[in-house]
Each structure stands twice: as structure tokens, then as C-alpha cells.
Amino acid sequence: MAAVRPRFGRALLRLFAVQGSYNYERMLGLGVGVAEEPLLRGLPADGPVSPYRAAVARGAHFFNAHPYLAGLAVGAAARAEHDGAPPDLIERLRGALCGPLGSIGDRLIWAGWLPLLSGLTLAAISLGAGWTAVVAFLVVYNVGHVALRWWALRAGWEHGVRVAAALHHPLLQRGTALVGPAMACAVGLALPLTAQYLAAPFGAWARAVLAVGAVLGFLALHWLPGRLTGLRLGLGFAALALVVGWVWR
Amino acid sequence: MSLEGWLALLGWGTLVGVDLVSLPQMMIARPLVAGTVAGAILGDVQTGLKLGVVFELLQYDILPVGAVRYPEYGPATVAAVATAHAAAGALGLGLGAVVGLVTGLVGGISLHVLRRVNSRIVSAASVALESGDPRVLLRMHVGGLLRDVLRAALVTALGLAFAWTVPPALTGVLSPRGAIVLAVAAVAAALAAGAGGTIRLVGRGPNLAWFAAGLGGGIVIAVWLR
């Protein structure tokens, strides 16, 4: 590989907008291509069919994964382009990364880190912490968020076509194993405290109605998965309450 | 509320809407954050926190994996807080939740429409994209971003229009008791959605025991604090 100075900073900044042109045709593809482009500078760029242009076009093909881990594919594909890997190998590499990066990211972030901190914040607010809990949530969440994006980009570049090795990093393996139970415990803790916080202004009869409504709503959501969502339940309950409130003056 | 207040809420709701998917996903789109800041803008942090908690629980019903369609609760929470602040008193929480739910529904539809529009534009430009010209790629991408900014602004504006018109229209219709029923219904739906979403997230594996332990601890603390 020729000596190149990868522009990680610019690529990282662009990765924050990786879903900016999200669409059903290429999913994150365009965003990944835009983030990869600074790392491709240094490839021969003379003429309309240069290696640089071919790599930019490949970078914008279909791609779908967790946005925080997309940097792994960006770094790996850019490094593979500089290493002179065959185009079909790079396409296969990108395709092969979609599933694992989506799965790991979803478990680690959407089903782990985010609800863990959200649950702790709900509990803290319910216990009277106020807006400081929200500030703490933002700071702690984004320390993990930015660190993960940075690590993914660097690890992708470091490993190139052997990027699968990065997926075995303890950060991902142990992190995914630990964050699930922590999330479950935190949200479990938050639910009764939040119920008490929200029910505080209500009188006895209203609390009884609240308890019955919450249990019935939970059972309805449990028995009708897919057909009944939280939004539909909320709109249904609100419509019923408006009728009851209008009649029962 | 002053014009400056409405404009500040519109700006904040737009930022929140863009953060959800496009830029930078730092979770200001979470209802807890969106609601608290909206409350601070209105000088009513407590209302912002309360509506933020209600919509955060509703958010647990959503796992944003793949191209799944879901309601957008960020700008919805901003509109909900504006409504609750305008209605004030017992009427606030329930009316705010109703306005927020409708705004969330519209926001979710707008996300789907935007993605379909983006798909058509990308499809039409596929030959240009295959040329590998980075300026074409950047223009397409920035275009998508700007469309999302416009979408978020429109959704927030619609939510704020509800916040402006709904409280005066319903204040005379609902009795204080009716307002409490509405608030109870909103909180019940939020708690049900929060619990249901969490159970789906936790599953039936070993995490269920951790959830039960947390739930037990939460109940003990709640009883102790009464």
C-alpha cells in the first residue's frame, strides 16, 4: 500500500450524518459513500474512470447496518481500496458486514446502552433529580456513542479486508453480554418509580382507574403484537377518555 | 406565549426531528431530552419533564431496527409540552399527550414519505452516481439532509399549530373531572406501552430474572417513599 494519511477526522464528522439521505433503495449507501470519500483521496484520480472514482461509486452502493458501527465498513472498504483488493471482494466485504454490524449494533445500542441509560434517567427523575438527570443522560450516552463511532472507523481501517477480527473485540463481545442484564434491571427499577411519579397528582379513584387501564393496556399489547402498538393504544384510550369526560361532567 | 417562544420551539423541534435519523443521532430526539428543553424554553421545566417521561415510556414500544416504520415522538413531545403549558392545570397533561400522539403519528408518516421520495431521487440519479463523481454523491446526500430538515420543521409546525388551537377549543368542553380522565388514560397507555416494550426487549431468557430483580427493587423503593 502506498503511504497515505487517512483523513479520519473528516470521515468521522461525515459519519455523524451517515443516515442523512436514508432511502429504501440504497439504505445508508449514499451516507457511507460520503463518509468513505475522504479516506479514498490518495488513490489515482486522473480521468473519468480512475480508481478513485470507481471506489467512490462502489462506496455509495447499497449498505445497511447500525449507524454507529457503519464506520467499521467505511474504514475497512477504504483500506481495501488502498490495498488494491479486487472490486468484487470489496463488494462482498460490504455485503457480508451488513448483517453482523446491524445485529451487534442493535443489541449493544438500541436494546442495551440506550434503554439502560434511559431507564436510569427515568428512575432518577422520578426520585426528584430533575433536569440534571437529563443532562447526565446526554453526556454519558454520547461519551459511549462518539467513542464507539471513533473506534469502529479506526478498527475498520486497521483491519481492512480482515475486519471480521474486529467483531471479536472485547468491547463488542463483553459489552453486549453485560449491557443486556444491566438494561433489564434498570428499566425494571424505573417502571414502578415512574408509575408513582406520574400518578402523584391523581386522587384515589383516578389511581385505581390508572392501574386497571395500565394492566388492560399491557395485556392488550401482549395479546395483539403487531396489530396493536403503543401509539394506537394511546389514541384509543384518549378517544375513550374524551367521550367519558364529555358525558361524565 | 410570545412569537419568540413559538419560534424557539419550532427551531428546537426541527433540531430534534433531524437528530432522530439524519444528524447526529445524539439522542436529543429522545422525549426525555426534547420535553425537558421545550419546558425550559417555556420556563416550565416540570411540565417538560412530565410529558418527557410519558413519551419516553411510549418510545419503549419502538425498536428502530432496519427500515421499520414507527411514530416520531421527538417533535411530538415538543408540541405536547407547548399544549400542556398553554392549557395549564389538570387539563394540561392529557391534552398535551393527545396532541403529542397525533403529531407523532404524522411524524412517522412523514418519515416514510421522505424515504420514498429519497428512493425515487436516488433511483433517477443512479447513472450519475455510478460515474463516481464525489460532487454528485455529496449533492444527493446533502439534498436528503435538507429534505429531512424541511420535514422536521413541517411536523413541528403542525404540532405547534395543534398546541395553539386545541387548548382553547377543548377548555370549555371538558370538565375538570374529564380532564383528569384524559390524563389518566394517557398515563395508563404510556405505562402499558413502556412495560410491554420492555418485556419484548428483555425476552424470556436470563435477562428476565434481572428485569424481575429491578422491578422488585423499584417496588420496594416506591413503597418506602410513600
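Modeller: What follows goes through some terms and the values behind them. This is a predicted model, in which local features need pLDDT of at least 70 and side-chain atom pairs count only at pLDDT 80 or more, while totals for chains, interfaces and linings use all residues. Residues are numbered from 1 along each chain as its sequence is written, and chains are lettered from A and ligands numbered from 1 in the order in which they are written.

Biologist: What makes A199(A) partly exposed?

Modeller: A residue is buried with 20 or more other C-beta atoms within 10 Å of its own, exposed with 12 or fewer, and partly exposed in between, the C-beta atoms being placed from the backbone. A199(A) has 18 C-beta neighbours inside 10 Å, so it counts as partly exposed.

Biologist: Where is A199(A) found, and which residues is it in contact with, leaving aside neighbours within four places in sequence?

Modeller: A199(A) belongs to helix α7 (residues 170-199) of chain A; helices are DSSP runs (H or I, at least four residues), numbered from the N terminus. Contact requires C-beta atoms, placed from the backbone, to lie within 7 Å. Apart from those sequence neighbours, A199(A) is in contact with R207(A), L210(A) and V187(B). Between the C-alpha atoms of A199(A) and L210(A), 11 residues apart along the chain, there are 7.9 Å.

Biologist: Why is α6(A) called oblique to α2(B)?

Modeller: The axes of helix α6 (residues 131-159) of chain A and helix α2 (residues 31-41) of chain B come within 10 Å and cross at roughly 130 degrees. That angle makes α6(A) oblique to α2(B). Under 35 degrees counts as roughly parallel, over 145 as roughly antiparallel, 65 to 115 as roughly perpendicular, and the rest as oblique. Axes are lines fitted to C-alpha atoms, for helices over the stretch in contact, and angles run from 0 to 180 degrees between N-to-C directions.

Biologist: Which residues make the contact between α6(A) and α2(B)?

Modeller: W131(A), V134(A), F137(A) and L138(A) of α6(A) meet L32(B), V33(B) and T36(B) of α2(B). By class, 6 are nonpolar, 1 is polar and none is charged. Ala, Val, Leu, Ile, Met, Phe, Trp, Tyr, Cys and Pro count as nonpolar, Asp, Glu, Lys and Arg as charged, and the others, Gly among them, as polar.

Biologist: How many residues does the contact take from chain A and from chain B?

Modeller: Chain A gives 82 residues and chain B gives 87. On the side of chain A that touches chain B, α7(A) supplies the largest share, 18 residues. That side has 54 nonpolar, 22 polar and 6 charged residues.

How values were computed
Helix = DSSP H or I, 4+ residues; strand = E, 2+ residues; numbered from the N terminus. Contact = placed C-beta atoms within 7 Å.
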